[in-house]
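Open the model in your viewer and keep the selection panel at hand. The tour moves from one stop to the next.

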Amino acid sequence: MRIVFFGTPDFAVASFQALVEGRFPVTGVVTQPDKPQGRSRSELVPPPIKVAARSAGIPVLQPVRPVGDVFTTSLRRLEPDLGVVVAYGHILRPEILSIPSRGMINVHASLLPRYRGAAPIQHAILRGETETGVSIMQMEAGLDSGPILHRVATPIEPDETAGDLTARLAELGATGLIEALSLISGGLARAQPQDHTCATYAPKIDREMARLLWERDATTLVRQIRAFDPVPGAWAMLNGGTLKVFGAREVAETGEPGSVLAAGDRLVVAAGRGAVGIQEVQPAGKNRIPVAAWARGRGIALGQRLE
């Protein structure tokens, strides 16, 4: 079964490597173009999947968008039986989905039909879910709406950040993918339609979603900080500058929302109900550092307000 793999970020690497190590015949990889980096934007940085594919000696296609005659012809030349998509970053049109003779499957980081869309991990943490997982889905034209071939569930730990959970789900997705391919190869796969009435959505994260509003209760704020760790980073304003915060826990203290209650080994900020204890911060243009080091350098005072 000849496979073409669509993927871009680190999350996709575990699934790709599982295919290679399992000796599945991956005939080509489709990923996004190299991205410019640095002050002059002159250095081009390849996506993690491109690096992995080149190491494995597998051809790479990098269309700006996966459309058009040139891309379609290049994809057909790979003669794929099946497409595997893991966090590629573009919606694939029906004419692309139909090229592999056995269609395409997707590794999605949620228990579908919950959290369809671009940011399922962050939204699951934001909403206080205690369980998530991966779904291996037969792709169709709708947004993450295709029938499910296989699911693997896992708990969300109370202090787990989006970064931690992403790493775990990448490995779980790789395992689930190989299990699903075994079912497909053995003729045992039984795709189950999703219950669309139970669907929830996880849209792309924007900067304003990560802004901390201290009038909210501490539980909500801690979830927000966990959900946006490491990127884009939950943030607030302090003395006219942006301050990102990480490593949050609820603290049984009270005060005016946004006011600094302590600034030693941790930064404690009052919320609308309760308070938030913060372990690390990242001032604008600086690196992420422990609160103790930052507080010594800045001399932050009790009673100062984050907005």
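Where does D164 lie? Select D164: the residue lies in helix 6. Helices (H or I, at least four residues) and strands (E, at least two) are DSSP runs, numbered from the N terminus. D164 counts as partly exposed because its relative accessibility is 44%. The classes are buried (under 20% relative accessible area), exposed (over 50%) and partly exposed in between, with a 1.4 Å probe and protein chains only.

A word on the model before going on. This is a predicted model, where local features need pLDDT of at least 70, side-chain atom pairs count only at pLDDT 80 or more, and totals for chains, interfaces and linings use all residues. Residues are numbered from 1 along each chain as its sequence is written, and side-chain values use heavy atoms, with hydrogens and water left out.

**The whole chain**

Zoom out. The chain has 8 helices and 15 strands. Its C-alpha atoms fill a box of roughly 65 × 45 × 30 Å along the principal axes. Of the 307 residues, 47% are buried. The accessible surface comes to about 14,800 Å², and 51% of that belongs to carbon and sulfur atoms. These areas come from the Shrake-Rupley method with a 1.4 Å probe; for residues, only the protein chains shown count as cover. Contact here means heavy atoms within 4.5 Å. Among contacts in the chain with a separation of 6 or more, 64% are between residues 24 or more positions apart.

Which order do the 7 strands of the open sheet take? The order is 5-2-1-6-7-8-9, with mixed pairing. Strand 5 (60-61) and strand 9 (148-155) are the edge strands, each pairing on one side only. Two strands pair if DSSP finds at least two bridges between them.

Select residues 82-86 and 104-108. These are strand 6 and strand 7, which run parallel and are joined by 3 bridges. Look for G83 and its bridge partner in strand 7, M104. Then bring back helix 6 (residues 162-185), which packs on the sheet. Helix 6 touches strand 1 (3-7), strand 6, strand 7, strand 8 and strand 9. The direction of helix 6 makes about 150° with that of strand 9. Axes are lines fitted to C-alpha atoms, for helices over the stretch in contact, and angles run from 0 to 180 degrees between N-to-C directions.

Next, pick T132 in strand 8 (residues 131-138). Is T132 buried or exposed? T132 is buried because its relative accessible area is 4%. Leaving out residues up to four places away in sequence, T132 touches A109, S110, L111, V152, A153, T154, I156, L165 and L169.

Follow the chain to D144, in the loop between strand 8 and strand 9. D144 is not a glycine, yet its phi is positive, near 50°. D144 counts as buried because its relative accessibility is 12%.

**A helix pair**

Select residues 10-21 and 48-55. Helix 1 and helix 2 pack at an angle of about 25°, with their axes 8 Å apart. The two helices are therefore roughly parallel to each other (angles under 35 degrees count as roughly parallel, over 145 as roughly antiparallel, 65 to 115 as roughly perpendicular and the rest as oblique). Show side chains for the contact: D10, A12, V13 and F16 of helix 1 meet P48, I49, A52 and A53 of helix 2.

Move to the loop between helix 7 (218-227) and strand 10, where P230 lies. A cis peptide bond joins D229 and P230, with omega about 15°. P232 is found in the loop between helix 7 and strand 10 as well. The peptide bond from V231 to P232 is cis, with omega near 0°.

Go on to residues 234-238 and 241-251. These are strand 10 and strand 11, an antiparallel pair with 5 bridges. M237 has T242 as its bridge partner in strand 11. The hairpin has 2 residues between the strands, and N239 takes a positive phi near 55° there. N239 counts as exposed because its relative accessibility is 58%.

Last stop: strand 14 (residues 275-283). Strand 11 and strand 14 run antiparallel, joined by 8 bridges. Find V245 and its bridge partner in strand 14, V281.
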